[in-house]
Amino acid sequence: MAKYAAAVDQGTTSTRCMLFSKDGKVVSIDQKEHEQIYPKAGWVEHDPMEIWTATQEVVKGAVAKAGVQPGDIAAVGVTNQRETTVVWDKNTGKPYYNAIVWQDTRTKDICDVLSADGGQDRFRPQVGLPLATYFSGPKVKWILENVDGVRAAAEKGDAIFGNIDTWEIWWLTGGPDGGAHVTDVTNASRTMLMNLETLDWDDEILGIMGIPRQMLPKVVPSSDPDIWGYTPKSGPFGERIPVCGDLGDQQAALFGQACYNAGEAKNTYGTGCFMLLNTGTSPVPSKSGLLTTLGYKIGSQPAVYALEGSIAITGALVQWLRDNLKIIENSKDIETLANTVEDNGGIYFVPAFSGLFAPYWRSDARGVIVGMTRYVNNGHFARAALEATAFQTREVLDAMNKDSGVDLTALKVDGGMVFNETLMQFQADILGVPVVRPVVAETTALGAAYAAGMGVGLWTNFDDLRANWQMDKTWEPDMDAGARAALYESWLKAVTRTFDWV
């Protein structure tokens, strides 16, 4: 009897494979970074073939480290950096162009033209999203208009599109040799092409954007008893294993954090920062700059929706201090450096490197550091960088409270930065609510494993998954209300300095 679930977690900076046991514990992990490609200012790309090569390597590595037989793996789930866009030849598997990453801003002109008729919220009633460079639809349009031969190949049915989940699933299930061309509702909801009510591609928007429908993958549930395909014996798993779980990374974290009731929320601290609030089986339109998105869909059950606040740059700011300014050697050194000072020294760092996401949606914004004096040193830079993550999260939480009418009582957190004690304490302080870290902080991969395992009956219901969730640590707020308000007011003032730069 198969007793493990595997997750391929394809993120913005690395790919990993993780195996989980039935009690939700990590059995093994293997991880590999990939190159970040910056052809021009504001352009960010990945090599899809490098990602697929890395995927094969980490799958083999995780299976070997676990010391399990591939036949003991019940199912494979995929989770991914969302909105990152690939168009490839279905006959050869060769991409027509590099993957255009979610952070990329080259589609600003396309978005401006589309919003000239009906404004930034032109498509929001259908898709829950503002017109922004973040989403996949305008990226597909850019490739069709700027890469030779792609439009003709798309019309002919040879050029196909997918977010990274679709690319990975297609290769995992055989690639040119019968690979499944699918995407789940959560990833489809990030394209700006899927109708929130029908959970299918919106023909009107496809027509306006000039995207042929035959390019698009089939929209499927996040956890699906109708298995999409099997890993071939010649593939990296070395065995035929069902592939039947797929969630965008932030929805996977919501799922892995066991936020199955309306009103439950989580925040994931990664390259960017993403807070999701389960709003139940009806989409909640946002009036406060949040995204209305899909949370997950289990088989034939009704889809579950979420409100999301997306922040572009959080962990990426720490990487920037490491790689560009070289004031730290390793990302984890940021906490030690931040703790050499008592406070931020009066500086605020707003990392609008690729514009501002929620709740502003300003692609004209660029990063600023304000409040500089001769007193400021590297320690203040480090502390201000960490605080930027917590302040941006507070802005999103305020918007969520406004839209949902529900005041959050605690925040479940996950992702790489949750082991930074200084950041987590400041996060609790600036929110004024407890911050809770689970035992398994890699909830993104766990959510994808859960989705796949539910598809084949390894787990049968949400009670099974809730039973696996365990608290590791809670940070209680420890800052007086006056200090909290003063710091936050200065942050909001700093944010206004980023506007209208481009």
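A pocket here is an open set of points, on a 1 Å grid over the protein atoms alone, where a 1.4 Å probe fits and which has protein on both sides within 12 Å along at least five of seven lines; lining residues have an atom within 4 Å of a point. Grid points are joined across faces, edges and corners, and a volume is the space filled by probe spheres set on the points.

The model is predicted: local features need pLDDT of at least 70 and side-chain atom pairs count only at pLDDT 80 or more, while totals for chains, interfaces and linings use all residues. Residues are numbered from 1 along each chain as its sequence is written, and side-chain values use heavy atoms, with hydrogens and water left out.

**Stop 1: the largest pocket**

Select Tyr269, Gly270, Thr271, Gly416 and Met417. Of the 40 residues lining the largest pocket, these are the closest to its centre. The volume of this pocket is about 1,100 Å³. Next, colour the elements that each supply at least two lining residues: strand 2 (14–21), strand 3 (26–33), helix 9 (249–256), strand 15, helix 10, helix 11 and helix 14 (443–455). Helices (H or I, at least four residues) and strands (E, at least two) are DSSP runs, numbered from the N terminus. Which helix gives the most to the lining? Helix 10 does, with four residues.

**Stop 2**

Two strands count as paired if DSSP finds at least two bridges between them.

Now select residues 265–269, strand 15. Its pairing with strand 21 (residues 411–414) is parallel, over three bridges, and Thr268 has Asp414 as its bridge partner in strand 21. Strand 15 is also joined to strand 16 by five bridges, in the antiparallel sense. Strands 15 and 16 form a hairpin with three residues between them.

Move on to strand 16 (residues 273–280). Eight of its eight residues are buried, so the strand is largely enclosed by the rest of the structure. Buried means under 20% relative accessible area, exposed over 50%, and partly exposed in between (1.4 Å probe, protein chains only). Seven bridges join strand 16 to strand 18 (residues 304–311), and the two run antiparallel. Centre on Leu276: Lys266 stands opposite Leu276, and Leu276 in turn stands opposite Glu308 in strand 18.

**Stop 3: Ile328**

Select Ile328, in the loop between helix 10 (315–323) and helix 11 (333–338). Is this residue buried or exposed? Ile328 is buried, with a relative accessible area of 7%. Leaving aside residues up to four places away in sequence, Ile328 touches Val318, Leu321, Arg322, Asp333, Ile334 and Leu337; contact means heavy atoms within 4.5 Å. The C-alpha atoms of Ile328 and Val318 are separated by 8.8 Å, with the two residues ten apart along the chain.

**Stop 4: helix 4**

Select residues 136–146. Nine of the eleven residues of helix 4 are buried, among them Lys139, Lys141 and Trp142. What covers the buried residues includes strand 6 (85–89), strand 7 (99–100), helix 2 (108–116), helix 5 (150–156), strand 8 (159–163) and helix 8 (203–209).

**Stop 5: backbone details**

Go to the loop between strand 19 (348–350) and strand 20 (368–370), where Pro359 is found. The peptide bond from Ala358 to Pro359 is cis, with omega near -5°. Trp361 lies in the loop between strands 19 and 20 as well; its phi is near 55°, a positive value in a residue other than glycine. Trp361 is buried, at 7% relative accessible area.

Then select Glu83, in the loop between strand 5 (73–80) and strand 6. Phi of Glu83 is near 70°, positive in a residue other than glycine. Glu83 counts as buried, at 2% relative accessibility.

**Stop 6: the cysteines**

How many disulfides (pairs of cysteine sulfur atoms within 2.5 Å) does the structure hold? The structure holds zero. The cysteine sulfur closest to that of Cys17 is in Cys244, 14 Å away, which is too far for a bond. Cys17 is buried at 0% relative accessible area, and Cys244 is buried at 0% relative accessibility.

Definitions and conventions. A disulfide is a pair of cysteine sulfur atoms within 2.5 Å.
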